[in-house]
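Please keep the sequence and the structure open while reading.

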Amino acid sequence: MDLNLKGRVAFVTGGGQGVGRRICLDLAAEGVAVAVNDIFEERARGVVREIEAVGGRAFAAVADITKQAEVDAAVAATQEALGPVDILVNNAGVLVERREKGGAAPLFLDTSADGWKRIVDLNVFAMMYCCKAVLPGMKERRHGKIVNIMSEAGRTGEARLAVYSGAKAAMLGFAKAIAREHGGDCINVNVIALGAVSHEGIREGALSPGATPENNERLGKMLNAYPISRGLRRLARPEDISGMVCLLASDRAAYITGQSIGISGGFVMQ
Ligand SMILES: NC(=O)c1ccc[n+]([C@@H]2O[C@H](COP(=O)([O-])OP(=O)(O)OC[C@H]3O[C@@H](n4cnc5c(N)ncnc54)[C@H](O)[C@@H]3O)[C@@H](O)[C@H]2O)c1
C-alpha cells in the first residue's frame with residue numbers, strides 16, 4: 001500500500017536512537033524528508049547519515065526540546081532546510097540519565113520535586129512547545145499529523161513510574177483536546193502507547209537487546225506479563241512501532257483522530 005507520503009516533512013523528537021531512530025528511518029523510506037531531533041548532535045547526525053546513505057533527505061535538528069527557544073529555532077531551521085513541517089512525532093520521553101542508569105526506578109516517596117519537574121518538562125512541556133511551533137503552519141496549510149508516543153504506564157499506571165505515568169497520561173488528554181480544537185483544520189492527532197521496547201540504545205538491563213530470560217531475571221518476569229511474548233518470547237522492537245507511526249502520519253488514516261493505540265503485544269486491552 002502506498003502511503004502517499006512522498007515530499008512530506010517530519011520533525012521527530014529524540015530521533016537519535018531507539019524507537020525514534022526507527023521512526024525516522026521508516027518515514028524516510030516512505031519518501032518523507034526527516035528532521036532528526038536529538039539533544040546529542042552526534043546521534044542526530046548519525047541517523048541523518050543513515051538516511052542520506054540510502055538516498056533520503058534528512059536534517060539534524062539538534063535541540064534540547066525542554067527549552068522552548070531551542071524548539072522554535074530547530075523548527076525554523078527545519079523549515080529552511082527541508083520545508084514546512086507536515087508531521088510531528090513527539091517521541092523523546094526518557095531522561096538521558098535514566099536511560100544510562102537503567103535498572104528499577106525509585107518509588108515516588110524516594111523522589112523529589114526536581115526530578116518530577118524534569119520528567120514533566122520532557123514529556124509534557126516539550127510536547128507542548130513542539131505543537132505550538134508547528135500547529136500554526138499546519139493550520140494555514142490545512143494539513144497536519146501529530147503522533148505522540150506515550151506508554152501503557154500512562155493508561156494503567158505503573159509502580160515506580162508514578163510521575164512518568166502521570167506525564168504520559170497528560171500526553172493523551174492533551175492530544176485529544178488538540179484533536180478537537182484542530183479537527184476542522186484537517187489536523188489529526190493520535191497517540192501510541194508502548195509496552196517494553198528493546199533497542200540498540202539500551203546497553204544494560206532487562207530491555208537491552210542482549211538480555212535473555214536466562215541471563216536476566218527481570219526480563220523473565222516482564223516476558224510473563226506480555227501476552228505476545230508467551231508465543232514469540234520477546235519484547236517489542238522499534239520496527240513494531242514505526243509502521244503505525246507511518247500510517248498515522250499518512251492520509252490513509254485521515255479519519256482517525258484523538259485515539260490511543262496500544263502497541264504492547266496485548267499487554268493492555270481497551
Ligand atoms: N523503551 C521502552 O521500553 C519504552 C516503553 C514505553 C514507552 N516508551 C516511550 O517511547 C519513547 C522512545 O523511547 P526510547 O526507549 O526509544 O527512548 P531513548 O531514551 O532510548 O531515546 C530517545 C532519544 O531522546 C533523546 N533525548 C532525551 N532528552 C532529550 C531532550 N531534552 N531533547 C531532545 N532529545 C532528547 C535521547 O538523547 C535519545 O537519543 C519515549 O517517549 C518513551 O517514554 C519507551
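## Burial and the model

A residue is called buried if 20 or more other C-beta atoms lie within 10 Å of its own, exposed if 12 or fewer do, and partly exposed in between. The model described here is predicted.

## Two residues with positive phi

Most residues other than glycine have a negative phi. Arg160 has a positive phi of about 75°, although it is not a glycine. Arg160 sits in the loop between helix 6 (152-156) and helix 7 (162-182). Because 14 other C-beta atoms lie within 10 Å, Arg160 is partly exposed.

Arg142 is also not a glycine, and its phi is positive, near 55°. The loop that holds Arg142 runs between helix 5 (113-141) and strand 5. Arg142 has 10 C-beta neighbours inside 10 Å and so counts as exposed.

## The shell around the ligand

The ligand is surrounded by 30 residues. The closest of them are Gly14, Gly18, Val19, Gly93 and Ser151. By class, the shell has 13 nonpolar, 13 polar and four charged residues.

Which helices and strands each supply at least two residues of this shell? They are helix 1 (18-29), strand 2 (33-38), helix 4 (96-101) and strand 5 (144-151). Helix 1 gives the largest share, three residues.

## Gly18

Gly18 is one of the residues closest to the ligand, and it is found in helix 1. Is Gly18 buried or exposed? With 23 other C-beta atoms within 10 Å, Gly18 is buried, because the cut-off is 20 or more.

Leaving out residues up to four places away in sequence, Gly18 touches His199, Gly201 and Pro238. Gly18 and Val268 are 250 residues apart in sequence, and their C-alpha atoms are 22 Å apart in space.

## Helix 1 against helix 10

Two packed helices are described by the angle between their axes and the distance between the axes. For helix 1 and helix 10 (residues 238-248), the axes come within 8 Å and cross at roughly 50°. The two helices are therefore oblique to each other. Their crossing is right-handed.

On the helix 1 side, the contact is made by Gly18, Val19, Arg21, Arg22, Ile23, Asp26 and Leu27. On the helix 10 side, these meet Pro238, Glu239, Ile241, Ser242, Gly243, Val245 and Cys246. By class, this contact has seven nonpolar, three polar and four charged residues. Gly18 and Val19, named here in helix 1, are also among the residues closest to the ligand.

## Helix 1 against helix 2

Helix 1 also packs with helix 2 (residues 41-53), at an angle of about 25° and with the axes 10 Å apart. That angle makes helix 1 roughly parallel to helix 2, because angles under 35 degrees count as such. The crossing of helix 1 and helix 2 is right-handed.

Which residues of helix 1 meet helix 2? They are Arg21, Cys24, Leu25 and Ala28, and their partners in helix 2 are Val47, Glu50 and Ile51. By class, the contact of helix 1 with helix 2 has five nonpolar, no polar and two charged residues. Arg21 is named in this contact and in the contact of helix 1 with helix 10.

## Helix 3 against helix 5

The axes of helix 3 (residues 68-81) and helix 5 come within 9 Å and cross at roughly 35°. This crossing is right-handed. Helix 3 contributes Gln68, Val71, Asp72 and Val75 to the contact, and helix 5 contributes Tyr129, Cys130, Ala133 and Val134. By class, the contact has six nonpolar, one polar and one charged residues.

## Leu207

Where is Leu207 found? Leu207 is in the loop between strand 6 (187-194) and helix 8 (217-225). Although it is a loop residue, Leu207 counts as buried, because 22 other C-beta atoms lie within 10 Å.

Apart from neighbours within four places in sequence, Leu207 is in contact with Ala196, Ser198, Ile202 and Leu235. Leu207 and Val96 are 111 residues apart along the chain, and 15 Å separates their C-alpha atoms.

Technical notes
Residues numbered from 1 in each chain as written. Predicted model: local features only at pLDDT ≥ 70, side-chain atom pairs only at ≥ 80, totals over all residues. Near = placed C-beta within 6 Å. Helix = DSSP H or I, 4+ residues; strand = E, 2+ residues; numbered from the N terminus. Nonpolar A, V, L, I, M, F, W, Y, C, P; charged D, E, K, R; others polar. Axes fitted to C-alpha atoms, helices over the stretch in contact; angles between N-to-C directions. Parallel < 35°, antiparallel > 145°, perpendicular 65-115°, else oblique. Left-handed = near helix turned anticlockwise from the far one by under 90°. Contact = placed C-beta atoms within 7 Å.
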